[in-house]
Amino acid sequence: MVDIGPIDYNSVVTKAEKAGYDLSGPHTRLDEANLIEPGNVESLEKRFKIDYRASRVELYYNLNTYLEFKKDENKQTLVTLYNYSHHNDAGTITPQMPSMFPDDSWMLKMLGMSLGLNETDSEEFLKKLKTEVSDQKGFVSLDTNENVDFPAIYAYLNQSSTKTVTGPDTWNGDKYEDKFYRNNKKIGYVRFVIPETTISRIHNSNKYDIYVSSSGLIRLKIAMPAGSAGKEIPEEEYRTIFREMFENLGLPVEKVNEIKLNYSPSIW
């Protein structure tokens, strides 16, 4: 994996299509996913430079108790209160109960801010949440047609935190995380999603994948076919293939030299 910095993502995709490469692999199209619209947050627009969304937002009451906001499969807002601090004698998480909720004042403030509700509507929403019966242990959820007021949440987290940790998810290049802390205690979490695609070609029966994120994060992968156990691809051969692909995509060819591929063996 290598970060090549700002790229013209749409141009890369267009060039991949013109080169006849396969783009049917794993990808993220923001208009095809149920994600939270971020509204107008100037700092994030400067940071991502291209379209982005939030997949979920978490507001923490304490380490084990937090509210989560995300979109469900029906494009409604799913509000979930998690509380993992209550266990029975066997150590099993007990079912969520109204008595396990955070202080009403905190819940009303977070619900009102996050969903743009007035005091009366916030109280009604909290009442419904408390009367929901959850088959799962440790959390209770409620759907709503209300949209998430992301700019309000993001402003609150920035104003309330004393430290913010930002960066890409190590295992998911198209996912970026912001973690907010106040006096070393976590108060919030936001996961962002940006456009990404996987560009592939076959050479000598081996599949060469280039994962491209709109942020400029590039990840390379080679998948050898079944029956390849014990076989090798000369380093110069696979680097030549990737250099050619980089050139066709308008990516800096010299970056191929910075990437070291790790071999994962198979009995097949």
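1. Phe48, Tyr52, Phe150, Tyr154, Tyr176, Phe180 and Phe192 are linked into a cluster by ring pairs, where rings of Phe, Tyr and Trp (its six-membered ring) pair if their centres lie within 6.5 Å, and planes under 30 degrees apart count as stacked, over 60 as edge-to-face and the rest as tilted. The structure is a predicted model, in which local features need pLDDT of at least 70 and side-chain atom pairs count only at pLDDT 80 or more, while totals for chains, interfaces and linings use all residues. Residues are numbered from 1 along each chain as its sequence is written, and side-chain values use heavy atoms, with hydrogens and water left out.

2. A search of the whole structure finds 14 aromatic pairs.

3. Tyrosine 208 and phenylalanine 242 are buried.

4. The largest nonpolar core has 37 residues, of which Leu59, Leu67, Met107, Leu111, Phe150, Val190 and Phe192 touch the most other members; such a core is a set of buried Ala, Val, Leu, Ile, Met, Phe, Trp, Tyr and Cys residues joined through side-chain atoms within 4.5 Å. Helix H3 (residues 104-115) gives the largest share of this core, six residues. Another core, of 24 residues, lies apart from it and has Val212, Tyr238, Phe242 and Ile259 among its members. Tyrosine 238 is part of helix H6 and counts as buried at 14% relative accessibility. The C-alpha atoms of tyrosine 238 and phenylalanine 69 are separated by 44 Å, the two residues being 169 residues apart along the chain.

5. Two charged side chains lie over rings, a term that applies if NZ of Lys or CZ of Arg is within 6 Å of the ring centre and within 35 degrees of the ring normal. The charged end of lysine 163 is placed over the ring of tyrosine 181, 5.0 Å from its centre, and arginine 219 lies over the face of tyrosine 211, at 4.2 Å from the ring centre.

6. Backbone angles deserve a check as well. Most residues other than glycine have a negative phi. Lysine 75, however, has a positive phi, near 65°; this residue is in the loop between strand S3 (65-71) and strand S4 (77-83) and is exposed, with a relative accessible area of 61%. Asparagine 183 has a positive phi too, near 55°, and is found in the loop between strand S7 (175-182) and S8, where asparagine 183 counts as exposed at 62% relative accessibility.

Terms used. Buried < 20%, exposed > 50% of the residue type's maximum accessible area, 1.4 Å probe, protein only. Helix = DSSP H or I, 4+ residues; strand = E, 2+ residues; numbered from the N terminus.
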